[in-house]
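The sequence and structure are shown first, and the description follows.

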Amino acid sequence: MSRFTDATTSITPVGGKDWEVLDPIVWEIGEKGSGRELHIPIGFRCDLASIPRPFWWLLQPAGQPQVLAAICHDYLYRRPKRRPLGLRTKRSVDREFREMRTALGTAAPRR
């Protein structure tokens, strides 16, 4: 099963709706040791999957493990040339986003 190699990261607001990643993020795709990884670098800026402010009570952007999935989703959408094999389409990216949220323990209704 896919997994984050470290389920923590720090982000900081950088104005407006944008956030900046302060720690690298690694999402391992497939079984442990598969060699397929997505790397999110320090300094990547994102809007956390465009969660509208009125829904932050339900999907709070900061302070929850699910923020890792939102950052990866933004990265995959904004950097299509850096997508790992198997994640070439937006549909496959969205499926992987759900997989990430499942791996992070997000309850089914919130996924």
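## Helix α2 and its surroundings

The buried residues of α2 pack against β1, β4, β5 and α1, where contact means heavy atoms within 4.5 Å, and where helices (H or I, at least four residues) and strands (E, at least two) are DSSP runs numbered from the N terminus. In α2, the residues S92, V93, E96, F97, M100 and R101 are buried, a term that stands for under 20% relative accessible area, with exposed meaning over 50% and partly exposed lying in between (1.4 Å probe, protein chains only).

With 14 residues, α2 reaches 20 Å from its first C-alpha to its last, close to the 20 Å expected at 1.5 Å a residue; the expected span is 1.5 Å times one less than the number of residues in the helix. After α2 comes G105, which has a positive phi near 85°.

## Basis of the model

The model is predicted, so that local features need pLDDT of at least 70 and side-chain atom pairs count only at pLDDT 80 or more, while totals for chains, interfaces and linings use all residues. Residues are numbered from 1 along each chain as its sequence is written, and side-chain values use heavy atoms, with hydrogens and water left out.

## The sheet β1-β4-β5

Three strands in the order β1-β4-β5 make up an open sheet with antiparallel pairing, two strands being counted as paired if DSSP finds at least two bridges between them. Because β1 (3-4) and β5 (37-40) stand at the edges and each has a single partner strand, one side of each is left without a neighbour in the sheet. Strand β4 (residues 25-28) pairs with β5 in the antiparallel sense over 4 bridges; V26 stands opposite H39 in β5, and W27 has L38 of β5 as its bridge partner.

Helix α1 (residues 67-78) packs on this sheet, touching β1, β4 and β5, and its direction makes about 95° with that of β5. Helix α2 (residues 90-103) also touches β1, β4 and β5 as it packs on the sheet, its direction making about 100° with that of β4; these angles run from 0 to 180 degrees between N-to-C directions, with axes fitted to C-alpha atoms, for helices over the stretch in contact.

In a regular strand the side chains alternate between the two faces of the sheet. In β5, L38 and I40 form the covered face, whereas E37 and H39 form the uncovered one.

## The sheet β2-β3-β6

A further open sheet has 3 strands, ordered β2-β3-β6, and its pairing is antiparallel. Since β2 (11-13) and β6 (45-46) are at the edges with a single partner strand each, one side of each is left without a neighbour in the sheet. Strand β3 (residues 19-21) is joined to β2 by 3 bridges, and the two run antiparallel; the bridge partner of T12 in β3 is E20.
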